[in-house]
Amino acid sequence: MSNLSEGQLAELKRMLDGRYKELSEELHREVNGQDDYLDLATEVPDPGDSSFANLSVDLGNAAITRDISELRAIEAARSRMENGTYGDCVNCETEIPYERLKVQPTAERCAPCQEAWEKSHAEGGRGATM
């Protein structure tokens with residue numbers, strides 16, 4: 001594991017736990033408050049109503065997908081904490097600086113490896129970013 005102190009690890013764990021709780025609550029609100037397509041569109045929707053309904057449902061789904069992805073990243077970071085690899089880059093195995101982890105506690109790569117990964121994975125949006 002990286003050379004993080006017990007205090008630094010505890011602080012990062014608190015940050016991860018707090019964000020996990022926030023996301024769980026937000027996800028619960030999003031799922032319960034998500035507008036149903038039929039509620040948004042009239043019985044005989046014109047193209048504008050249908051388009052608005054589709055957009056609203058798609059935006060809701062995108063928010064849910066984003067939150068689920070972040071929850072998974074937090075769970076992966078917790079797993080790395082448990083198995084002793086948290087703070088080590090998954091690519092080059094060098095230590096990820098504490099300052100980077102404090103800004104992005106779910107970071108799994110050092111900044112140079114993350115930059116290279118983002119350039120080689122055009123689809124983006126997956127995993128922790130810079």
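Reader: How many salt bridges does a search of the whole structure find?

Author: Ten salt bridges turn up, each being a side-chain nitrogen of Lys or Arg within 4 Å of a carboxyl oxygen of Asp or Glu. Side chains of opposite charge can pair when their charged atoms come close. Mind that this is a predicted model, where local features need pLDDT of at least 70, side-chain atom pairs count only at pLDDT 80 or more, and totals for chains, interfaces and linings use all residues. Residues are numbered from 1 along each chain as its sequence is written, and side-chain values use heavy atoms, leaving out hydrogens and water.

Reader: Okay, which residue meets Glu-70 in a salt bridge?

Author: That's Arg-19, at 2.7 Å, N to O. The pair links distant parts of the chain, 51 residues apart: Glu-70 sits in helix H3 (residues 47-83) and Arg-19 in helix H1 (residues 6-33). Helices here are DSSP runs (H or I, at least four residues), numbered from the N terminus.

Reader: And Arg-66 and Asp-67: buried or exposed?

Author: Buried means under 20% relative accessible area, exposed over 50%, and partly exposed in between (1.4 Å probe, protein chains only). So Asp-67 is buried, at 1%, while Arg-66 is partly exposed, at 44%. Their side chains meet in a salt bridge at 3.1 Å, N to O.

Reader: Where are Arg-80 and Glu-108?

Author: Arg-80 is in helix H3, and Glu-108 is in the loop between helix H4 (98-103) and helix H5 (111-120), 28 residues apart. Their salt bridge spans 3.7 Å, N to O, and Arg-80 is buried at 9% relative accessibility.

Reader: Which residues are linked in a network of salt bridges?

Author: Lys-13, Asp-17 and Arg-78.

Terms used. Helices (H or I, at least four residues) and strands (E, at least two) are DSSP runs, numbered from the N terminus.
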